[in-house]
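Let's take a walk through this fold together. Have the sequence and the 3D view handy as you read.

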Amino acid sequence: MSLDNTGLVPLRALANPLRLRIVSLLIGAAMSATEVAQELGIAHASASYHLRQLAAAGFLQRVEEVKDPDTPVGRGRAPVLYRYDPASAHRLDTSSGRELLYEATFTDLRRRMQVMTRQRSTTDAEVWVGREVWDEACDLVFQAIQLIHDKAGQPRAEGRVHVSMTAFMFELDDSAQ
């Protein structure tokens, strides 16, 4: 599951609810397999495997850990840290795996809704609007997505709120009823 010679990122690599959670977790902070395993309550081996697969698929980058000079150095090698590669969104190969990704997303959304404590905004609409209104709405949602991604931080950090944001916006085939 690696990048092909076109540099496209295989969408099917995300077709697993656990991998979606890992990618979401790494949007705000670089983390090791140990940290991911602890945060998600999974085995270290599982976290390590999925991190390697996501990195091979092009969704994650390995990053160098910057150590505090006052922190004692542990035995062995430094842990490998991974973080989300935002450029992967622009290289997605959507030729296959779309339905699998949707199913994984819906599965994880059900999990998140079970632990929801406060609902801030929800909408569902199947409507007809002018092209300019649609384009403006898409731009505003994109800005909200960028804001959440850009401001995401370390899990459980002081002053942070654990949130969920899922956005699907798409045009429909008028002939399909």
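Strand 2 and strand 4 (residues 81-84) run antiparallel and are joined by 2 bridges. That is enough to pair them, since two strands pair if DSSP finds at least two bridges between them. Look across from Ser 32 and you'll find Leu 81 in strand 4. Zoom out, and 3 strands make up an open, antiparallel sheet in the order 2-4-3. Its edges are strand 2 (31-32) and strand 3 (60-63), each pairing on one side only. Strands here are DSSP runs (E, at least two residues), helices are runs of H or I with at least four, and both are numbered from the N terminus.

A word on what you're viewing: this is a predicted model, where local features need pLDDT of at least 70 and side-chain atom pairs count only at pLDDT 80 or more, while totals for chains, interfaces and linings use all residues. Residues are numbered from 1 along each chain as its sequence is written, and side-chain values use heavy atoms, with hydrogens and water left out.

Now for the helices. Two packed helices are described by the angle between their axes and the distance between the axes. Axes are lines fitted to C-alpha atoms, for helices over the stretch in contact, and angles run from 0 to 180 degrees between N-to-C directions. Helix 1 (residues 17-25) and helix 3 (residues 44-57) have axes that come within 10 Å and cross at roughly 75°. Helix 1 is therefore roughly perpendicular to helix 3 (the word covers 65 to 115 degrees). On the helix 1 side, the contact (heavy atoms within 4.5 Å) is made by Leu 18, Arg 19, Ile 22 and Val 23. Helix 3 brings Ser 46, Tyr 49, His 50, Leu 51, Gln 53 and Leu 54.

Helix 1 also meets helix 4: their axes come within 8 Å and cross at roughly 70°, so helix 1 is roughly perpendicular to helix 4.

Which rings cluster together? Ring pairs link Tyr 102, Phe 106 and Phe 168; rings of Phe, Tyr and Trp (its six-membered ring) pair if their centres lie within 6.5 Å. Tyr 102 and Phe 168 sit edge-to-face (planes over 60 degrees apart), at 6.0 Å centre to centre with 80° between the planes. This pair links distant parts of the chain, 66 residues apart: Tyr 102 lies in helix 4 (residues 98-114) and Phe 168 in the segment after helix 5 (131-151).

Conventions: Parallel < 35°, antiparallel > 145°, perpendicular 65-115°, else oblique. Phe/Tyr/Trp six-rings, centres within 6.5 Å; stacked < 30°, edge-to-face > 60°.
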